[in-house]
Amino acid sequence: MEETSREAVATAVQRVAGMLQRSDQLDKVEQYRRREARKKASVEARLKAAIQSQLDGVRTGLTQLHSALLDVKDIQSSLADVSKDWRQSINTIENLKDVKDAVVQHSQLASAVENLKNIFSVPEIVAETQQLIEQAELLQAHRKLMELECSRDDLMYEQYRMDSKNTSDMNLISIYFEDVQGLSDELAKQLWMVLQRSMVTVRRDPTMLVSVVRIIEREEKIDRRMVDRKKQTGFIPPGRPKRWKDKMFEVLEGTVSTRIEGTQAVTRETDKMWLVRLLEITRKYVLDDLIVVKNLMVQCFPPHYNTFNRFFCLYHNAVSTRVKELASEDLEANEIVSLLTWVLNTYKSVEMMGHPELCSECDINQLEPLLPQDVVDDLLSKYVKTFTSNITGWLRKALETDKKDWQKETEPEADQDGYYQTTLPAIVFQMFEQNLQVAAQIDGDFREQVLKLCLKQMNTFLIRYREEVVTYKEEHLRDRQLPQCYVQYMIAIINNCQTFNESINSLKRKYSQSSEPTESDAAIERTLNEVAKEGCQFLLDEVFLDLEHHLNELLTRKWLTGSHAVDTICVTVEDYFNDFNKIKKPFNQEMTSEALRRVVVEYIKAVMQKRITFKNADERREGAERMIKEADQFKFLFRKLAAGEDTDWLCGAIAAIAEVFKLTDPTLLFLEVTTLVSKYPDIREEHIQALLAVRGDASREMRQMIIGTLSENKVSYSSIAHPIFKDITVPTITMTTMTSMATAKLLK
């Protein structure tokens, strides 16, 4: 208490110190005192009120406890009186046993008298009930049946109460009412028949369905009442509980299952599209039936049946069972796709379970999958396996068909731009497109998987395609007259490579979500480029086989005296390139550049082979001028053919060599050769020796000086993209060759 007082004093001092911090606040001391007095009075009033309230509560509680104690004493006294009276009346109750038995007997007799009329009229009621059932008057028939069952059950119950062990009387009652059970079964058959045709009945005569449901609901109430009585007395009439409500749902479930199973009208043997038709019929039946359930049938059942959701689940389960049966069959690849597309996409779409009229009543996302994931995976795996086998066969067949076209005597077809082509790319990518469209219907991941499989098969196919192209070329070389359109079909093969590449990129853009190139993409592009470049090389080989005789005439005595070899070469090249214009870019440009390079290389090879040695300055001048003229011919031709920027540089090599031959002053030969080497640094010593040998007037010392000087000042040619002299070899003269040449001279 003292500590509390000290804390209060300290708090008051601190509060006063806070109020009187400035001198001008001393004038308000009286005001502060009055305010604090008011606060103190207010606090004291609240404390008094709280204490008074607590005291009133304690007083009330004590009063109630006192009243409860008095009540307990009164109850205790009353119980004692009751116990005393009960002990005094035990003997009286035992004396009333005979009265009790008489009451029971009177009750049984009263029941017998009450049911006596019904008992005597049982055969008549049975006949009436049978007639009502046959006339489909189900409600009236059920009312009669209830009367019969009530009479039988009451008699049996009274007999059970009187003597539960007397089975003979029970059997007598059962025999007398034996037709009642038959009527019950007959009525049940009629009910199940109506329920089995519920989809038709609800459209034509919904009152019939309502009557069936009312009858079943009545029987359910009677079942519950009889079960409750059994718990109390141990007695239950024969045939109870009937459980017609459970049976009703079983019948409806069987009806739905039969409805789904009965949709298959055709088989694979009679119709290749049997599964598509089956799934479409199933879709239509399910959707139509559920709309009927929503709009009509729910009105015929009590709300607590949750009719629509119950039917929704029944149809879902029936469809799931049917789909699992279909999945277990030996389905073909297209059938697997049709089934999975229907299961994964169509089923929950607006065309079926997600229809706008159904969405308001249920959540399709709560439905279990029609097929377990492992079954879906098995089907996809089976499809991929079958598809791989099929596509390998399709590609093989397409290639065989294309190979037959290569042997035709007519030119291949041209596209809208005039480029030769065959039908192979269109056939191949039509197959790929169709299968990818089908795979896309299932889901995106499976589409990616099929695309990768297509590209993998495409890579294998292109390797086989390349081998067949090489074989085609080799067969042609055995007899160059066959096939007649070899060049045109080789052009078509080159163009096919470009078409293949464009089609692959188109498929990837359309069906792949990833833009990153893969190893398969790189392999396909590499193979296509190799096939196209090899095809271009085969065509150039064809050209140079025709030019071989004319190329052999270059830089010979016949050439010097007057030959039309270069004219023929230019005409032949131009004629071939009229066909080569049907090659797509960029291969046509590359081919033109390569043709020019090979012509120049073959020309320079003719020089390096030393087929001629000029005897005097006039021959050197005449040969050089002829070379310059022919270089200009080549330049004009290949400019016309758009060979590219290297035309002047390549043809300039022939002119530069001609300048070495044309030089009249041997002392300036070193400078001319140096100029040639500076322009074409890939030229080698043996090339210089061959040129000087063809010139015919260079002494041995001069040749050694030129070669030695050039060797000391050798220039690197690594910066040249396509060196000319690198692949030109100079034939070496062996002892045998020299002997042969000497013998030929002597004989001449």
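**Reading the features of a predicted model**

Tutor: In this predicted model, the C-alpha centres of domain 1 and domain 3 lie 83 Å apart.

Student: Into which domains is the protein chain divided?

Tutor: The division gives domain 1 (33-246), domain 2 (263-371), domain 3 (377-536) and domain 4 (554-712).

Student: Leaving aside neighbours within four places in sequence, with which residues is Leu554 in contact?

Tutor: Beyond those neighbours, Leu554 is in contact with Trp559, Ala565, Val566, Ile569, Tyr603, Ala606 and Arg611.

Student: How many salt bridges does the structure have?

Tutor: Side chains of opposite charge can pair when their charged atoms come close. A search of the whole structure finds 35 salt bridges. In one of them, the side chains of Glu149 and Lys242 meet at 2.7 Å, N to O. This pair links distant parts of the chain, 93 residues apart: Glu149 belongs to helix H5 (residues 138-162), and Lys242 to the loop between helix H9 (206-233) and helix H10 (244-261).

Student: Is Glu149 buried or exposed?

Tutor: Glu149 is buried, because its relative accessible area is 4%, under the 20% limit. Lys242, at 15%, also counts as buried. Both residues belong to a network of salt bridges with shared partners, which also includes Glu219, Asp223 and Arg240.

Student: Where do Arg598 and Asp541 lie?

Tutor: The side chains of Arg598 and Asp541 meet in a salt bridge of 3.0 Å, N to O. Arg598 lies in helix H22 (residues 587-608) and Asp541 in helix H19 (residues 519-553), so the pair ties together parts that are 57 residues apart in sequence. Arg598 is buried, with a relative accessible area of 17%, whereas Asp541 is partly exposed at 29%.

Student: How many aromatic pairs does the structure hold?

Tutor: The structure holds 21 aromatic pairs. Among them, Phe301 and Tyr305 form a tilted pair, with 5.9 Å centre to centre and 45 degrees between the planes. Tyr680 and Phe725 form an edge-to-face pair, with 6.1 Å centre to centre and 65 degrees between the planes. Both Tyr680 and Phe725 are buried.

Student: Which residue lies over the face of Tyr285?

Tutor: Arg259 does, at 4.1 Å from the ring centre. Arg310 lies over the face of Phe249, at 3.8 Å from the ring centre.

Methods:
Residues numbered from 1 in each chain as written. Predicted model: local features only at pLDDT ≥ 70, side-chain atom pairs only at ≥ 80, totals over all residues. Heavy atoms only, no water. Domains from an automatic or database assignment. Phe/Tyr/Trp six-rings, centres within 6.5 Å; stacked < 30°, edge-to-face > 60°. Buried < 20%, exposed > 50% of the residue type's maximum accessible area, 1.4 Å probe, protein only. Lys NZ or Arg CZ within 6 Å of the ring centre and 35° of its normal. Contact = heavy atoms within 4.5 Å. Salt bridge = Lys/Arg side-chain N within 4 Å of Asp/Glu carboxyl O. Helix = DSSP H or I, 4+ residues; strand = E, 2+ residues; numbered from the N terminus.
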